[in-house]
Amino acid sequence: MLVLTRKLGENILVGDDIIIKVINIDNHRVQIGIQAPSAISIYRMELVEKVKEQNHSSIIKKKHDLIQAARKLRKLWRVA
Amino acid sequence: MKVVTQQFGELEIPENYVINFPSGIIGFEDCKQFVVIDDEDYEPFRWLISLDRKEFGFPVLNPFSLIPDYQKEFPERLMKLIKSQKGGLEVFNVVTLKGEEQKMTLNLKGPIIIDYQKREGKQIILTSDDLSVSYPLS
């Protein structure tokens with residue numbers, strides 16, 4: 001990992017077209033601006049971890065469980 | 001093409017049913033190909049099944065009839081595309097069954113978008129803090 005020290009207002013160029021800017025530094029928080037082509041997703045890491053974890057727990061081991069759940073949901077919707 | 005799935009055994013799947021996920025899905029970046037399978041036993045859930053990891057299949061649901069307000073969480077330009085193509089683009093949310101009682105929840109934070117015309121899909125993360133990865137369905 002490349003570690004750089006930047007002052008307020010200084011920038012970093014990643015690849016050809018990604019720019020990282022230090023916009024504000026305040027106590028324990030730094031405001032970072034990221035300029036990148038719209039095709040490139042930019043997510044806070046903890047959100048990625050959350051979704052990853054949820055994906056993992058969604059894998060169905062027993063088909064039967066899903067059949068039951070489907071029946072339950074269909075029933076709920078009929079009543080609603 | 002013949003595909004062996006853990007959930008449905010061997011299936012004959014037309015090539016044009018295969019959806020490419022160039023970035024995989026979050027946490028499963030090596031899963032680059034999926035198929036969407038419908039079976040009335042599981043309705044309204046559909047299956048998103050990986051062709052790369054045969055044991056990996058998870059239930060998904062189209063959220064909009066259930067949660068009409070959910071549309072507002074999507075970037076405007078994307079929502080326009082979804083609405084305009086009428087069947088070309090579809091949104092799915094992953095369903096989780098949890099615990100003894102198998103409580104059903106929906107991951108609203110990380111929807112999956114599938115473009116049937118380009119045969120491409122990806123999972124995105126929506127920015128709103130109000131969205132849950134485990135929105136209760138019951």
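## Nonpolar cores

In this predicted model, the largest nonpolar core has 37 residues, and Phe45(B), Trp47(B), Tyr70(B) and Phe74(B) have the most contacts inside it. A nonpolar core is a set of buried Ala, Val, Leu, Ile, Met, Phe, Trp, Tyr and Cys residues joined through side-chain atoms within 4.5 Å. Buried means under 20% relative accessible area, exposed over 50%, and partly exposed in between, with a 1.4 Å probe and protein chains only. Two or more residues each come from α2 (63-79) of chain A and from β4 (33-37), β5 (46-50), α1 (76-85), β7 and β8 (103-106) of chain B. The largest share, five residues, is that of α2(A). Helices (H or I, at least four residues) and strands (E, at least two) are DSSP runs, numbered from the N terminus.

A second, separate core of 15 residues includes Ile25(B), Leu48(B), Phe58(B) and Ile114(B).

## Helix α1 of chain B

Leu78(B), Met79(B) and Ile82(B) are the buried residues of α1(B). They line one face of the helix, because seen down its axis they fall within an arc of 100°, taken from the directions from the helix axis to the C-beta atoms. Their cover includes β7 and β9 (112-115) of chain B. The face turned away from the buried side carries the exposed residues Glu76(B), Arg77(B), Lys80(B) and Ser84(B).

## Asn93(B)

Asn93(B) is in strand β7 (residues 89-98) of chain B and counts as buried because its relative accessibility is 0%. Its side chain makes a polar contact of 2.9 Å with the side chain of Tyr70(B). A polar contact is a pair of N or O atoms within 3.5 Å; within protein, one must be able to donate a hydrogen and the other to accept it, and residues adjacent in sequence count only if both atoms are side-chain atoms.

## Aromatic pairs

Over all chains there are 11 aromatic pairs. Rings of Phe, Tyr and Trp (its six-membered ring) pair if their centres lie within 6.5 Å; planes under 30 degrees apart count as stacked, over 60 as edge-to-face and the rest as tilted. Phe8(B) and Trp47(B) are edge-to-face, because their ring centres are 5.8 Å apart and their planes at 85°. Phe8(B) lies in the loop between β1 (2-5) and β2 (9-12) of chain B, and Trp47(B) in strand β5, 39 residues apart.

## Basis

Residues are numbered from 1 along each chain as its sequence is written, and chains are lettered from A and ligands numbered from 1 in the order in which they are written. Local features need pLDDT of at least 70, side-chain atom pairs count only at pLDDT 80 or more, and totals for chains, interfaces and linings use all residues, while side-chain values use heavy atoms, leaving out hydrogens and water.

Notes: Contact = heavy atoms within 4.5 Å.
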